[in-house]
Amino acid sequence: MSYLPLLQAASGASQSQSFGSLIVTVVLMIGIFYFFLIRPQSKKQKEMEKMLAALKKGDKVVTIGGIHGVVSSTKEKTIILKVDDNTKLEFNRSAIASVVNPEPEKKAGDKPAKAEKSKSEK
């Protein structure tokens, strides 16, 4: 008696199960890539576009090359940065890496951090 037909029938069933598990694994991997790589990157890109669209005169910025300056004027695709008293440079909007926010002004009711620290040490 030959067991070959039984082995072939059993392997056919396992192939359909392995194909189903392969599909599930591929879908799962695509989902993981989407949530860990694609979605955060698209969020970051949208935030960057929003930041670039909101640039206005007087904003302190840093370029991708590390140049610090103040926005002197804006155009459709470029901005002009004042980097020194008499020096202005024109950059593409995409060359702006970040907007440097000045320290928020303290309210009249806020106490300096050193005064709070010295009270807690006593």
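Me: Hi! How many salt bridges turn up in the whole structure?
Reply: Hello! Searching the whole structure gives two salt bridges. Bear in mind that the model is predicted.

Me: Which residue does Asp 59 pair with?
Reply: Asp 59 pairs with Lys 56 through their side chains, at 3.2 Å from N to O.

Me: Is Asp 59 buried or exposed?
Reply: Asp 59 is buried, as its relative accessible area is 13%, and buried means under 20%.

Me: OK, and what does Glu 90 meet in a salt bridge?
Reply: Glu 90 meets Lys 75, with 3.5 Å between N and O. That pair links distant parts of the chain, 15 residues apart. Glu 90 sits in strand β4 (residues 88–92), while Lys 75 is in the loop between β2 (68–74) and β3 (78–82).

Me: How accessible is Glu 90?
Reply: Glu 90 is partly exposed, with a relative accessible area of 48%.

Me: Switching topic: which residues form the nonpolar patch on the surface?
Reply: The patch is formed by Leu 28, Met 29, Ile 32, Phe 33, Tyr 34, Phe 35, Phe 36, Leu 37 and Ile 38. Together they have about 990 Å² of accessible area.

Me: Where does Ile 38 lie?
Reply: You'll find Ile 38 in helix α1, which covers residues 4–53.

Me: And why does Ile 38 count as exposed?
Reply: Because its relative accessibility is 51%, and exposed means over 50%.

Note on methods: Residues numbered from 1 in each chain as written. Predicted model: local features only at pLDDT ≥ 70, side-chain atom pairs only at ≥ 80, totals over all residues. Heavy atoms only, no water. Salt bridge = Lys/Arg side-chain N within 4 Å of Asp/Glu carboxyl O. Buried < 20%, exposed > 50% of the residue type's maximum accessible area, 1.4 Å probe, protein only. Helix = DSSP H or I, 4+ residues; strand = E, 2+ residues; numbered from the N terminus. Patch = residues over 30% accessible without salt bridge, like charges linked within 9 Å, V, L, I, M, F, W, Y side chains within 5 Å. Areas by Shrake-Rupley, 256 points an atom, 1.4 Å probe, with all protein chains shown as cover.
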